[in-house]
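Please look through the sequence and the 3D structure below.

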Amino acid sequence: MNNGNSSTKTIAKLGVLAAVSIVLVALIHFPIIPTVSFLEYDPADIPILLGTFALGPGAGFALTVVVALIQGFTVSAASSWYGIVMHVIATGSYVLVAGNVYKHKKTKKGAITALALGTLAWIIVMIPANLFITPIYLEMIGGTKIPISTMLTLIPYITLFNAIKAILNSVITFLVYKKISPILHR
């Protein structure tokens with residue numbers, strides 16, 4: 001009986017975190033680098049990171065997939081399958097790395113290390129993802145093949161954007177986790 005009750009509570013917590021994530025992306029999104037203004041910052045990953053720290057990397061990854069799907073069919077529908085895939089790759093790599101590090105060292109220093117390594121994973125993973133997946137998507141929507149040389153000129157801007165977004169989300173997560181943690185562990 002206790003396992004069923006615990007599972008129900010975990011699913012309810014994940015549902016609330018997913019809802020908060022969707023509301024955040026719907027309400028707060030803006031470009032941060034004028035050269036690549038199509039890339040917009042949003043704080044939607046913060047509830048996912050909070051869930052990852054509280055409930056583990058598996059729960060964080062599941063939350064990432066659910067949020068990416070809901071977001072991809074609602075508030076970010078214009079980016080179609082591409083937005084879903086890129087969200088799962090970026091945030092998924094982040095939560096798996098950060099979640100696994102934090103799971104083994106639940107201290108302030110462990111949280112900082114987890115967030116730093118998660119940020120690094122996001123940045124590194126998104127370079128090849130943008131080099132290979134983005135041209136496929138752009139060709140599908142525009143009908144023109146995008147040369148790798150064009151993508152290579154955009155990669156520094158995309159990498160900077162990913163670094164800024166991941167760092168901002170990490171800092172905010174670090175600042176609010178201990179305040180929110182008791183609610184998530186109830």
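In which helix is tryptophan 81 found? Tryptophan 81 is found in helix α4. This is a predicted model, in which local features need pLDDT of at least 70 and side-chain atom pairs count only at pLDDT 80 or more, while totals for chains, interfaces and linings use all residues. Residues are numbered from 1 along each chain as its sequence is written, and side-chain values use heavy atoms, with hydrogens and water left out. Helices (H or I, at least four residues) and strands (E, at least two) are DSSP runs, numbered from the N terminus.

Tryptophan 81 is partly exposed at 32% relative accessibility. Here buried stands for under 20% relative accessible area, exposed for over 50%, and partly exposed for what lies in between (1.4 Å probe, protein chains only). Leaving aside residues up to four places away in sequence, tryptophan 81 touches Ile133, Ile136, Tyr137 and Met140, where contact means heavy atoms within 4.5 Å. Between tryptophan 81 and proline 57 there are 24 Å in space, C-alpha to C-alpha, and the two are 24 residues apart in sequence.

How does one describe a pair of helices? Two packed helices are described by the angle between their axes and the distance between the axes. Axes are lines fitted to C-alpha atoms, for helices over the stretch in contact, and angles run from 0 to 180 degrees between N-to-C directions. Helix α4 (residues 80-104) and α5 have axes that come within 8 Å and cross at roughly 160°. α4 and α5 are therefore roughly antiparallel to each other; angles under 35 degrees count as roughly parallel, over 145 as roughly antiparallel, 65 to 115 as roughly perpendicular and the rest as oblique. The crossing of α4 and α5 is right-handed. A crossing is right-handed if the near helix is turned clockwise from the far one by less than a right angle, and left-handed if anticlockwise. In the contact of α4 with α5 there are 24 nonpolar, nine polar and no charged residues. In this count Ala, Val, Leu, Ile, Met, Phe, Trp, Tyr, Cys and Pro are nonpolar, Asp, Glu, Lys and Arg are charged, and the others, Gly among them, are polar.

Helix α5 (residues 108-142) also packs with helix α6 (residues 148-184), at an angle of about 155° and with the axes 9 Å apart. α5 and α6 are therefore roughly antiparallel to each other, and their crossing is right-handed. The contact of α5 with α6 has 18 nonpolar, eight polar and two charged residues.

Next comes helix α2. How many of the eleven residues of α2 are buried? Helix α2 (residues 45-55) has ten buried residues out of eleven, among them Asp45, Phe53 and Ala54. Just after α2, glycine 56 has a positive phi of about 105°. Helix α3 (residues 57-73) packs with α2 at an angle of about 155°, with their axes 7 Å apart. That makes α2 roughly antiparallel to α3, and the crossing of α2 and α3 is right-handed. On the α2 side the meeting residues are Pro47, Ile48, Thr52 and Leu55, and on the α3 side they are Pro57, Ala59, Gly60, Leu63, Thr64 and Val67. This contact of α2 with α3 has seven nonpolar, three polar and no charged residues.

The last topic is the aromatic rings. How many aromatic pairs does a search of the whole structure find? The search finds eight aromatic pairs. Rings of Phe, Tyr and Trp (its six-membered ring) pair if their centres lie within 6.5 Å; planes under 30 degrees apart count as stacked, over 60 as edge-to-face and the rest as tilted. The rings of phenylalanine 30 and tyrosine 41 have centres 5.6 Å apart and planes at 50°, so this pair is tilted. Phenylalanine 30 lies in strand β1 (residues 30-31) and tyrosine 41 in strand β2 (residues 40-41), so the pair ties together parts that are eleven residues apart in sequence. Phenylalanine 30 is partly exposed at 37% relative accessible area, whereas tyrosine 41 is buried at 5%. Tryptophan 81 forms an edge-to-face pair with tyrosine 82, at 6.2 Å centre to centre and 85° between the planes.

Phe53, Tyr102 and Tyr177 form one aromatic cluster. Tyrosine 177 is found in helix α6 and is buried, with a relative accessible area of 5%. Not counting residues up to four places away in sequence, tyrosine 177 touches Leu50, Phe53, Ala54, Tyr102 and His185.
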